Amino acid sequence: LSILTLVATAGVFYSFLPSSQTHPIVYLISTPRSLTTAFTRMMHARGDFSVYNEPAHYAYCLKHYPEFAKQSYIQEAPATYPAVKDVLLKEAKSKPVFVKEMSIASEEFLACNPEFVNLEQVKFFFLMRNPHHSAISFYRKCPDPVDELHDVLGYEQLYNIMLWIQEQTGKAPYVVVAEDLCNHPEETVAEFCKRMDIPFIPNSTQWQALDEHFNPAIEWHEYKYEGPTLLWHSDAINSDGFGKP
């Protein structure tokens, strides 16, 4: 059984929306190398969202890959899943929040914070790319051999989360196909905005390539050091729109 299934079986679920928390949290769940950072660039280009790039990943790595976590993340990163939730809800008190998170971290984050799923202000969606291309792209980027590539890519976790959120909310999961973003960016983003109940801003599908003055810690609430950030996100950082990888 997945972590989410075990939590669901226990029946530990709550639904509440404090009156002070009125801004939406648009929460993207995906697998690595699926154009997620390009999507983050689009949300950042809108100018109306506070962006958080993989805020739960440090807590995940601390638990499973502690040496990697110490080498790749700054100490200011929230070190537990409840701390991540508190950061996001606090930020949402003053501004809409966009979260990009990998499925392997999201599964544990949501299992640890089941009440987060049923908050009316939280809107989940999934971004999925052809697994064949995601796996090859990950293999080319990863600096070290990965024995359990299946687990790291997180497609099974993504599927488990889809089923779990559908069970808890009664809503079918909304999936954005990465290939559609490449081939029909404006139509795909417009449909996404409609589903998330946020304004569609046409010029957000184009942006400027970032230079040395870009500070991901400030603009994306990025908790990784500069080296790992550039390793994994350099293509999107240098991009100016959705294009075919």
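Which residues have the most contacts inside the largest nonpolar core?

1. Basis. This is a predicted model, in which local features need pLDDT of at least 70, side-chain atom pairs count only at pLDDT 80 or more, and totals for chains, interfaces and linings use all residues. Residues are numbered from 1 along each chain as its sequence is written, and side-chain values use heavy atoms, with hydrogens and water left out.

2. Largest core. Leu110 and Phe116 have the most contacts inside the largest nonpolar core, which has 36 residues. A nonpolar core is a set of buried Ala, Val, Leu, Ile, Met, Phe, Trp, Tyr and Cys residues joined through side-chain atoms within 4.5 Å; buried means under 20% relative accessible area, exposed over 50% and partly exposed in between, with a 1.4 Å probe and protein chains only. Two or more residues each come from β1 (25-30), α3 (57-64), α5, β3 (97-102), α6, β4 (122-128) and α9 (155-169). Helices (H or I, at least four residues) and strands (E, at least two) are DSSP runs, numbered from the N terminus.

3. Phe116. Beyond its neighbours within four places in sequence, Phe116 is in contact (heavy atoms within 4.5 Å) with Ile25, Tyr27, Lys85, Leu88, Leu89, Phe109, Leu110, Val122 and Phe124. Another core, of 26 residues, lies apart from the largest one and includes Tyr174, Met196, Ile198 and Phe214.

4. Sheet. The order β2-β3-β1-β4-β5 describes an open sheet of 5 strands with parallel pairing; two strands pair if DSSP finds at least two bridges between them. β2 (50-53) and β5 (175-177) each have a single partner strand, so one side of each is left without a neighbour in the sheet. β4 and β5 are joined by 3 bridges, and Leu127 has Val176 in β5 as its bridge partner.

5. Helices on the sheet. α2 packs on the sheet, touching β1, β2, β3 and β4, and its direction makes about 175° with that of β3. α11 lies across β1, β4 and β5 and runs at about 155° to β4. Axes are lines fitted to C-alpha atoms, for helices over the stretch in contact, and angles run from 0 to 180 degrees between N-to-C directions.

6. Aromatic pairs. There are 13 aromatic pairs, meaning rings of Phe, Tyr and Trp (its six-membered ring) with centres within 6.5 Å; planes under 30 degrees apart count as stacked, over 60 as edge-to-face and the rest as tilted. Phe39 and Phe192 are edge-to-face, at 4.9 Å centre to centre and 90° between the planes. This pair links α2 (residues 36-46) with α11 (residues 185-196), its members being 153 residues apart. Both Phe39 and Phe192 are buried.
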